[in-house]
Every structure is written in C-alpha cells, then in structure tokens.
Number of protein chains: 2
Amino acid sequence: MPLGTDYAGQDCSLATALEIVGERWSLLIVRDAFLGVTRFSYLHRRLGISKAVLTQRLGSLVDAGVLERRRLDGHDAYTLTPSGEALWPAVHALIRWGDATTSPAGPRRLFRHVTCTADLDASGRCPDCGVTPGAADIETRPGPGARTDPPTDPPTDPVSRRLREPHRLLVPLRG
Amino acid sequence: MPLGTDYAGQDCSLATALEIVGERWSLLIVRDAFLGVTRFSYLHRRLGISKAVLTQRLGSLVDAGVLERRRLDGHDAYTLTPSGEALWPAVHALIRWGDATTSPAGPRRLFRHVTCTADLDASGRCPDCGVTPGAADIETRPGPGARTDPPTDPPTDPVSRRLREPHRLLVPLRG
DNA sequence: CGCCGTGGTCTGTTCATCAGACCAACTGCC
DNA sequence: GGCAGTTGGTCTGATGAACAGACCACGGCG
C-alpha cells in the first residue's frame, strides 16, 4: 500500500496496484528506472532518500517483480522487468497531470516516438502513426517547463546533468 | 509527497503530482469520487480509514483543487473538480496495471464508452470510435475478476453493493 | 423532547521515516 | 601488494504520521 501497511479487503485493482507501487518513493524509483537511473548510489543521491528506506523499497519492488537486480559493468543495477515496463502508461499519465496542474510554462519533460520523432499526446499515443509506443521506443528530453540549470549552488550532480540530454528510455546510464 | 512530507527540489512533474495525490489513501479517495462515492461517512466505511486521516486527506485534496466540497441532498459531498477529473487517465492506467499484475481471472472492473457501449482498451481509448473519453462519458460495471459477493459475513455495506450495479462515473450516489 | 446519523476532533499507541554514523567488499591505481 | 575511494548496504535514536476508538456539536425526525 502506499505507506507501510496494506489496503486490506479492497476488491479493487487500484488498491492492489498501490500496495505495490503506492508507497512513498516507489514510483519515483520506477520513474528513474525508466530514465536509466539504475544504481543504488545514483538513486540515493538523486532522490535524497535515506539509504535504509531505499534499500527497503528496492527490495519490495524486486519482490513484487517490478524491478530485477543484476550486475552491469561491475555494479549492481536495478532494471525494470516486463511488469515494471507495463507501468509506463500510469507513470506517463501522472507526469502529464503534474505538468498540467503545476507547470504553467509547459511540460518539464517531453517524450517522443523514436521512429516518428513526434511528441506523444496526452494519452501516450504517437500523433503521427497512431500507435501507443512502449517505453523502449520512446526518447525523452527536457521541455519548456524544465528548470534551467541553476548557475550557482547547489551544483547539480553529474547524473541529473546527463538526464538533461535527449536519450532513450530504459537504457541504463553508463559510467 | 506521498506520505506526509515533500519531494523537495525535484524538477519533475511526477514528484509534484505525487505531492498532491501520492499520499496514502489519496488516490483511493479520488477513485471513489469517480465511482460516485462522495460522502464522508461512505468513504470512512468503504475505505476503513481513520476519520482523522480522512479529514486531513479530504482537506488537502480540496486545498489542491482536486476535490470541492458542496452541499448535496442536505449532506456534504466531495466531488471532483475539472483538475480532479483530469486524473482519470492516471487512475485508469493504474487500475489496468493492477488488473494485469494481480488479477489472473481478468479485470475486476470494466469501463465502457457510453455512446458506443464498447469497453475501453488498455490506453483508455474506445476501440469503436477511437476517442479517449473523459470520465463523464464512461460507464462502469464489475468484470470477470470481481470477487463474487461473499454470501456470509462480512455482509457488504449498501454503498459497495450499489457500486456493483452498472453506472456512470462521476454521478454521486444518492440516498 | 429524545434519538439517530453526519461530520468531524482528541487521545494514546504503534509504526514508518529521517539524518547520519558505521561497515564489509570490491575497484581501481600504482 | 598496499592504499584509498566507491559501492551497497546496516544500525541508531529522534521525529512525525497513521491507527483504533472515545468523544462531541449539529441537524432532522417523530
């Protein structure tokens, strides 16, 4: 459930979904996994979450089959399973709602279909070809509502800086 | 944030969205508002949430412009604002993911476009006419994965029983 | 007038989160 | 091989949120 206990006895798939990804930080971890942030230390720094809680969340997401842990370039990496990738429509819808609700300057981040180079519409469809691409076929880049790099402190960390360059979803950041 | 504090300094619309609807219970309250459950006492009973927390969540959702409180039939009713209705794609996507992940018997609840009587697809579109209807044009009914009414105790409360009959979203339950 | 439902507030307890110290294993690097 | 730094954690004590349940003011109804 979100937050530490469960939504017992609810005959509703939203409740069961929230039992898995509704806890504090869980969806932000999943978002970062879509963006390619897969390493414990990167997540720790980028999210500003305590290590104990991060350990716990990663463990429950792995147990739930949303993430899997593997070795990549000599480090542990937490990457999305097919079930985790299936969260993309929900993550995208929440991002769009957040943009519409809290970002008058426009989306903070844009997503486009790599084969058509057209930005996705609000429901996640490619307006050119009409398909609703999976995360693997989507490229992201900052949008008009993105905060411009603050020139002074806090000096943004290298991982967040690399996320400002256009890149494909699901591809783990290297180095 | 979900859960009591905030996701400070995140330049991400998902984080800002979760600050509003990511707390424990918030999205379940919004779901019930889509289903027509708008009264304090109904929410209290259906969700099994403590009254103090329900009061707090309703207050912050009203403050955030997701719900509005009004008088209806001599009672208070918390209904969705346009901003709250815009959460439908996110709520629908999470329900679909929960169905796919935790309900092998099929969706626990089905949604169809009232003008076409066709069930929505995974991305929320009507397969007949191709539009992505808003919540006001959607009718819901139990699906194959719904738990059949437990014949013995706990005797289900009247509100949940009425939610098993097909009905349109956003229409407050009366009586 | 008494009674019930509605929409809450208040209390004390339990549980989660927090920041930060600490640590074992592994990575280069020479 | 020896040393330092990074990685991926665990453990601690303090803070804050959620819990169940008692309590309460108001309005409607007979």
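**Stop 1: DNA strand C**

Select DNA strand C and its atoms within 4 Å of the protein: 73% of them belong to sugar or phosphate, and the rest to bases. Keep in mind that this is a predicted model. 17 residues surround DNA strand C. The closest are A:Arg24, A:Arg57, B:Lys51, B:Thr55 and B:Tyr78.

**Stop 2: the phosphate contacts**

Start with A:Arg57. One of its polar side-chain atoms lies 2.3 Å from a phosphate oxygen of DNA strand C. Then pick B:Arg69 in chain B. Its side chain has an N or O atom 3.1 Å from a phosphate oxygen of DNA strand C. Which elements give two or more residues to the surface near DNA strand C? In chain A, select helix H4 (51-63). In chain B, select H3, H4 and E2.

**Stop 3: helix H4 of chain B**

Stay in chain B and select residues 51-63, helix H4. The helix has 13 residues. From first C-alpha to last it reaches 18 Å, close to the 18 Å expected at 1.5 Å a residue.

Which residues of H4(B) are buried? Select B:Leu54, B:Arg57, B:Leu58 and B:Leu61. They cover an arc of only 100° around the axis, which puts them on the same side of H4(B).

What do the buried residues of H4(B) pack against? Show these parts of chain B:

- helix H1 (13-21), helix H2 (26-35) and helix H3 (40-47)
- strand E1 (67-72) and strand E2 (75-80)

Step past the end of the helix. H4(B) is followed by B:Gly65, whose phi is positive, near 85°.

**Stop 4: the two copies**

Zoom out to chains A and B. A rotation of 180°, with 0.0 Å of shift along its axis, superposes chain B on chain A, with an RMSD of 0.0 Å. The two copies are thus related as by a two-fold rotation axis. To find the axis from chain B, select B:Ala90. Its C-alpha is the nearest to the axis in that chain, 2.6 Å from it.

Finish at the interface. Of the interface residues of chain B, 98% are also interface residues in chain A, so the copies meet through the same surface.

Terms used. Residues numbered from 1 in each chain as written. Chains lettered and ligands numbered in written order. Predicted model: local features only at pLDDT ≥ 70, side-chain atom pairs only at ≥ 80, totals over all residues. Heavy atoms only, no water. Helix = DSSP H or I, 4+ residues; strand = E, 2+ residues; numbered from the N terminus. Expected span 1.5 Å × (residues − 1). Buried < 20%, exposed > 50% of the residue type's maximum accessible area, 1.4 Å probe, protein only. Arc of directions from axis to C-beta. Contact = heavy atoms within 4.5 Å. Least-squares fit on C-alpha atoms with pLDDT ≥ 70 in both. Near = heavy atom within 4 Å. Polar contact = N/O pair within 3.5 Å; in protein donor to acceptor, adjacent residues only side chain to side chain.
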